[in-house]
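Please examine the assembly shown below together with its sequence. The briefing that accompanies it is arranged by topic.

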Amino acid sequence: MRAAEGVRAAHVARARTARGGPGGLRHWLARRLLLGAAQTAAVVLLVFALTEALPGDAAVALAGDQPDPARIAAIRESMGLDRPAVERLADWATGLFRGDFGTSLASGRPVSTYIGDGFGPTLLLAALTVALLVPLGVGLGVLAARHEGKWPDRLVSSATLGLYAVPEFACGVLLITVFAIRLGWLPPTAVGYGTDLLAHPAALVLPVLVLLSRPVCTLARLVRAGMIDALASPYVAQARRYGIPGGRVRYAHALPSAVTPATQQLARTVDWLLSGVIVVEALFVIPGLGTVLINAVAERDLPVVQGLAVVFGVLTVVLNIGADLVARRFAPRGEVAA
Amino acid sequence: MKSLSMKGSSRFAAGALIVGVPLLLALLGPLFAGEPGPRAASFTAGGGHWLGTDFVGRDVWRQVLLGGRSVVLVALAATVSAYLVALPMGLASALTHRTWLEELLMRPLDVLLAVPSLLLILLVAAVFTPGAVGLALLVALVNIPDAARIVRATAAEAAARPAVEALRMQGESWWRTAVGYVGRSAARTLAADAGVRFTGVLYLVATAAFLGVGVEPDASDWAVMVDRNRTGLFVQPWAVVVPALLIVALTMGGNLLVDSALEHRKKRRLT
Amino acid sequence: MNAGHMNAGHMSADHMYAGHMKAETSQPADGLRCVAEIEGLRVEVGGRAIVDGVDLRVRPGTVTALVGASGSGKTTTGLALLGEYPPGARVTGRVRAPEGLVGYVPQHPGAVLNPVRRVGALLWDIARTQLRRLPRSERREAARERVLRALTAAQLPEPDEVLRRYPHQLSGGQQQRVVLAQALLLGARVVVADEPTTGQDAVTKRHVVERLAALRRSGIAVVLLSHDLDVVRALADEVLVLRAGKVVESGPADRLWTAPRHPWTAELLAADGAAEPAAAGGPEGQVALSAGPFTARHGRRAVLRAPALTLRAGESLAVVGRSGSGKTTLARCLAGLHRDHDGTLLLDGAPLPRSVRARSREQLAAVQYVFQDARAAFDEHRPVLGQVARTAVRLRGLAPDAAAAEAEAGLAGLGLPADLVRRRPGALSGGELQRAALARALLARPRVLICDEITSGLDTVTRRGILDALVGLQRERAELCLVLITHDLDTAALTSRIAVLDGGETVEEGPTRRVLDEPRHPFTAALLGKETASVGTTPHAR
Amino acid sequence: MNPTHDTHDTHNAYDRHDTPHPRFPGLRRRGFLAASGAAGFGALALSGCGASGPAAAPGGKGDGKPKRGGRLRAAFAGGGASETLDPHLSNLFADVARAKALFDKLADYGADLSAEPRLASGWESNGGLDRWQVSLRKAEFHDGKPVTAKDVLYSFRRIADPKKAFRAKASLEPIDLKASRAVDERTVEFVLKRPTAEFPNILAAFGAYIVPEGAEEFDAKPVGSGPFRFVSFAPGKYAVFQRNTAYWDGAPHLDELEIVIANEESARVNALLGGQVEYAHELNPTTGRAHEGKGQIEIVRLRNSAMQSFAMKTDRKPFDDKRVREAFFLIADRKELVDGALAGAGEIGNDLFGKGYEYYADGLPQREQDLDRAKSLLKKAGAEDLRVTLDTSPVAAGFTEAASIFRDQAAKAGVEVKVRTGSKDSYWQDILDGGTLCSYRSGAMPIEAHISQRLLTDSTTNATHWQHKDFDALYQQAQSTKDKKARAGVYQRMQRRLHAEGGFLVWGFADWILGTAPGVRGIETDAPANSLDWARFDKVWLA
């Protein structure tokens, strides 16, 4: 698995870099931004079409178990749902160009407040996760690579394998049961803390652990594979034979090339974090974007769903461009001229 | 050298054993499940049910026997169908010299790649309320962009080798070049990727079940069992623990197998 | 340098070696100080001795050359001086390097430069380990000074600029000099240079020779591992001839060249030098392939401006130039492997599609191509014979049996036994695979055979074998038109006509004899080593 | 359970009262008549303050003397960032809990779902039952202003605003708000469009809260007359309230009440177990079983809270034949359904709505499984080898489980049931006119409301398509019958008919399960979800 992922990330990096073409950085960036805009637009269109195709609309969802046709019609009218879908989308899109995300169908509040409120907790979770993920994943990977084939390596390798197979919800239930309910060390949920999670750091421990569980495995395994390759490389041998101390060889010479493929993986973690966040937010009652998304889909609150699609699309695009920039900077290009 | 190969084979054996138990249960289990007994009260232990009863009072052991097939088949089908689409796309775009064709094949995937996979699954599943087949296709769809890119990248590497040009100089057919050489050269990397992807797919299927997508809420399915029975975790843990362990074993064993296969390849490359 | 530092460095890799080093610091008896010495070295991997009983003494300010074919144990011996052995090797014998500091310049210098770090990274670290005693505040400046001095000593212009680059932004020559600078910075008394000139054109070779000569002048001992006898001849004071891990002959270079004692040495020497050209091809054969003047591009960049070209049956053309001169692109354009050009190709007067994909079987068969990297040109999963035979099946419509029989005969004709070719490419050596590749192309019965650097990277004896095969081919198939892409003038001497390319332009074309004897263009002269002009001395643009 | 399920459970927020629109001009009478004599109905329950109110009941359970002070945190499933404190927009349980804390209705439901006066101190009607005079008790809003007739009329008119689609609007439909007027400061005269004997039910309708005249904005600083005052509110996260010392029904024992949102059932349980909340609403039966009697937390079961049934479309094949409907009644093994689908947390049903409620026909024999009779009935109806599609959806707890259990039971009678799982977000609309057989459930409401909403020709949510002129006439007769006993007799006749050949196969009544921390006292247990004492915190205290 590790090699596969390493290979994969490296290939993706190479493929992407290659696509950049021979033009300069600016040309490449312009192309990528253009592509990113197209991607985001396509995501929004896709999400709009899918949400529109969902059975029922916001009015039906709001009517719930009292689907009185007259009431549904009235709600529909008050929400403006009686207008054609294309018209609504066009309105929303023109609003978007002015930086206006529109208003929620369900509450009439601006979508930006939904995104603004949900963004904080999710960003906090994601930032904490990534901040811990990198040192932890890299550290474990390096540790395993240093002791390749010995017990630390086996321990790390099998632990990451096992953990990787555990879905977030199972992991969350387990951690809550042990650390919050049985041992009582940590709060089981963040219920009632609202968006001010920083004031309750203890409540963040378990969610972040759950979010970390799978990415750490991938990262550690990628770094381990890259590190093993790097430690066996001629340039590391050269550094060793010229008397560079072991620690410096590992961290300054082997690690940078071991981490490059992992950068790509890190960008892909966004997608991952999002799905993780949906589950984790539900489990731990954290009112972030995942919760907003689930609720909005259930309520058929199209403007909110679209607003979120824009946010996620832009995030994905930006992070991928960032990762590609890193790869572009590092990936050796073409053969060396003699 | 010897110790290395010993280690590799022992890892292979461990992987095979770990993956074998759930796989056998999944594939052969339904043959031994027999007729359903009368329903008992939910989440009870004993009373002729050696793993107790589940959330609607069914025998857990019988559910375990029945529940693997859908997980394994959905995950396998999803992985296979992702590759069925990704392979020709990736190979074609790696081997073509027409930029427009490559763009046509690969660009739409970039778009798909930007959609959060779980969001896509949630929405599409809500629109089409898919069954097992639908879920497999959906999970496959989510995996296609990534798989196609890997196929293309791996194949592009192989396709750039002089061996491919040599085949062209020999007037070999596209088919023989693409499948016989490029595909074959990429096979190992792709097999490894498929192993990882299978794990990812299992995870997606399980998480989709957690979010109530794509499977009957009372389906005999390990992932569904874990989700639906977890309310009874404190009363009757087996209904959760056994299927959960089986899923973990399936993914872990699969990964061990892939690892040992790669180890094997590395060793061969060394010697 | 103190022992402690050496232990921290390369010595720690092998404790046996370190032990020896500490134990014996006495001077050798003969009075001439030895900076490194190997006695009775035997290295066994998997029960097979790859180096067996090698003795070697390295004196300061001399060049000691280890020559021999690929796999003769040169590199293993050279690395032993650094205390490095293949994994799982059983090592006996003694290796001493009293001064301790041995530098290493590998065949591909790019490989020892970290692709994701600036080239200065390792240099700084080496300097810093030497400056541990200095106060922290002074280290930076001192390290900088040392690094720059080493780069200058390695003849790198603009060292400041180079330090900031990534390895892939440097030319091969610059990379080699950076690696050399590492050794100089280290204060190495011995530098092991592994095949420093393999695959290089004459001009580059001369630069490498100059560089190594400069090292020698500065009192450093150079251990040169090479099968390139030109370079060995130009540099070596002492020569050891290795064969299958054993030293078959050793002695002062002068003596060895003039009076080889061992038959293998004699064979090695005989293989060097120009092969006998076949009877210069019939002057006015039929035109097989012609191309109008054309420009070939990579992306938007024009890489080659080729003049009109006519290839006649029975003649042979050498396309000569340095790396990046566009000679391979020219060959690939003719073969249909590079289609991004604006030329018109005519085969027997009929238009020939630019892309190999659009060519008919007959057209494919008519123009065949042999690749530089024979190993990469074969499918490693299938036996060689089958792959060779496919040519006849696909291009000549033979039944598989008949094709296999013919392929086997063809391979045997090139000296490849039947049991060998039934194995996968992994079991064949580079030279053997190159011959198989030749057989594969010939099976198409081509009118034009294009060989792209097919002898580069091969040792003298093997190369000689291939060249002989080509000569034989010209004799046997009188109507065959041979195009040889090469940087090696000895190889070019086989042909009847030479075209010299530089920077994507043809600078000179004419009968081989004339071009080699009286080059008209300064670049050709430089390539031949007859130059006085400054053409070859500037680093070549990529 | 999962988050989406949970959110959706809360959407079937237990009902409001839609009274039917039929006009019965012939039955309209003039003049006011005092509503006298009938216990539990009319102007008798002038119970007024504190101790004698229904909330005093828990005292009898030996909870000891109420103690003042403390803060109670209660976890509910919620609606996310779209939540509002506008009481007229109440839709979810959390909405109702918050609205109950801040506001009052004129009346509310007792344990048997009969209307009890709240802000109204009493009501009386004219003889024609189409003109009702409601007197208000002395009560104050949080800003010190008294609750007046004008506030009542403003609130009702706001709800009925045709431009808005408030949930209670349909319930208030029988009231002619233009003609209704304030008689004096504390008396309202409601003019109805037709005789409505159960008018008090309208006053207790879901979402019919009284707000101060002119109030439009509720999220910033809502002012009500309820037991708690507003402190802060974050949609989808929490709402904090503070004791209203001037509450007319006696000031609450708690100093502070915080309603927090946790959509996942497991999260609510975990928060309760971890001491983060003291009250967790809506737990799974299994959770109840796991923790009942363990001492860690208290499990409270509210009986008869949700009717569980299958709805047959009585106008479509094969259910247009009443023999087929009866056969289906006989196929169901109700015990197995309750044990399997509700994990035993509930009671079996007798194909009638409202077990334990006022007017419930509990004299009818309990129906048992009888496969032989079912088969013979099917045979007589020519429906052997019957194939039916059962629509269901994970929209409510137990739905899909019940569907698969029933599928297995039907197979024993030779009926092949195909279970089709639909989207949970649009389920209720989908089944209203689609399909022939579906899972159905209903929260607590008066039996009269159940009939008027679901079983009349022009009912808006007639999921069984039960349309019979004679049945409609019976309902009209009941609404025009002033005498309670006589009216009860009419309801009996209607229920007998439904029991024999109706479209609802009511197989059970689910408990509503709450969890509380051990120190929480004063939780009323005899309070089906939707009734006054459910989710009511002013009588709760912390020991």
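The points below cover the chains, their contacts and selected residues.

This is a predicted model, in which local features need pLDDT of at least 70 and side-chain atom pairs count only at pLDDT 80 or more, while totals for chains, interfaces and linings use all residues. Residues are numbered from 1 along each chain as its sequence is written, and chains are lettered from A and ligands numbered from 1 in the order in which they are written.

**Chain A**

- Chain A contains 13 helices and zero strands; helices (H or I, at least four residues) and strands (E, at least two) are DSSP runs, numbered from the N terminus.
- Of its 338 residues, 59% count as buried; a residue is buried if 20 or more other C-beta atoms lie within 10 Å of its own, exposed if 12 or fewer, and partly exposed in between, with C-beta atoms placed from the backbone.
- Among contacts in chain A between residues at least 6 apart in sequence, 74% join residues at least 24 apart; two residues are in contact if their C-beta atoms, placed from the backbone, lie within 7 Å.
- Helix α6(A) has 36 residues and reaches 50 Å from its first C-alpha to its last, close to the 52 Å expected at 1.5 Å a residue; the expected span is 1.5 Å times one less than the number of residues.
- A kink of about 35° lies at A:Phe119 in α6(A), shortly before the proline A:Pro121; the bend at a residue is the angle between axes fitted to the seven residues ending there and the seven starting there.

**Contact between chains A and D**

- Chain A contributes 44 residues to this contact and chain D contributes 47 residues.
- On the chain A side, at least two residues each come from α3 (58–63), α4 (69–79), α6 (111–146), α8 (168–182), α11 (246–284) and α12 (289–299).
- The chain A side comprises 26 nonpolar, 11 polar and seven charged residues; Ala, Val, Leu, Ile, Met, Phe, Trp, Tyr, Cys and Pro count as nonpolar, Asp, Glu, Lys and Arg as charged, and the others, Gly among them, as polar.

**Contact between chains C and B**

- Here 20 residues come from chain C and 13 residues from chain B.
- On the chain C side, α13 (361–366), β17 (367–370) and α14 (384–396) each supply at least two residues, and α14(C) gives the most, with four residues.
- That side of chain C divides into nine nonpolar, five polar and six charged residues.

**Chain C**

- Chain C has 21 helices and 21 strands, and 52% of its 542 residues count as buried.
- Helix α18 (residues 460–476) of chain C has 17 residues and should span 24 Å at 1.5 Å a residue, which agrees with the 24 Å between its end C-alpha atoms.
- Buried residues of α18(C) include C:Arg463, C:Arg464, C:Ile466, C:Leu467 and C:Leu470; among the elements that cover the buried residues of this helix are α9 (229–235), α17 (430–442) and β19 (481–486) of chain C.
- C:Val507 lies in strand β21 (residues 505–511) of chain C and is buried because 20 other C-beta atoms lie within 10 Å.
- Leaving aside residues up to four places away in sequence, C:Val507 touches C:Val500, C:Asp502, C:His521, C:Phe523 and C:Thr524.
- C:Asp348 lies in the loop between β15 (345–347) and β16 (350–352) of chain C, has a positive phi near 50° without being a glycine, and counts as partly exposed because it has 14 C-beta neighbours inside 10 Å.

**Chain D**

- Chain D is divided into domain 1 (60–103 + 226–297 + 517–542), domain 2 (104–210) and domain 3 (304–511); these bounds come from an automatic or database domain assignment.
- The C-alpha centres of domain 1 and domain 2 of chain D lie 26 Å apart, and the contact takes 17 residues from domain 1 and 20 residues from domain 2.
- The side of domain 1 of chain D that touches domain 2 divides into eight nonpolar, seven polar and two charged residues.
- In an unreviewed entry, UniProt lists residues 116–444 of chain D for "domain: Solute-binding protein family"; UniProt positions are given in the numbering used here, feature names are shortened, and annotations may be inferred rather than shown by experiment.
- The peptide bond from D:Lys317 to D:Pro318 is cis, with omega near -5°, and D:Pro318 is found in the loop between β15 (298–312) and α7 (322–331) of chain D.
- D:Tyr359 has a positive phi of about 75° although it is not a glycine, and D:Tyr359 counts as buried because it has 24 C-beta neighbours inside 10 Å.
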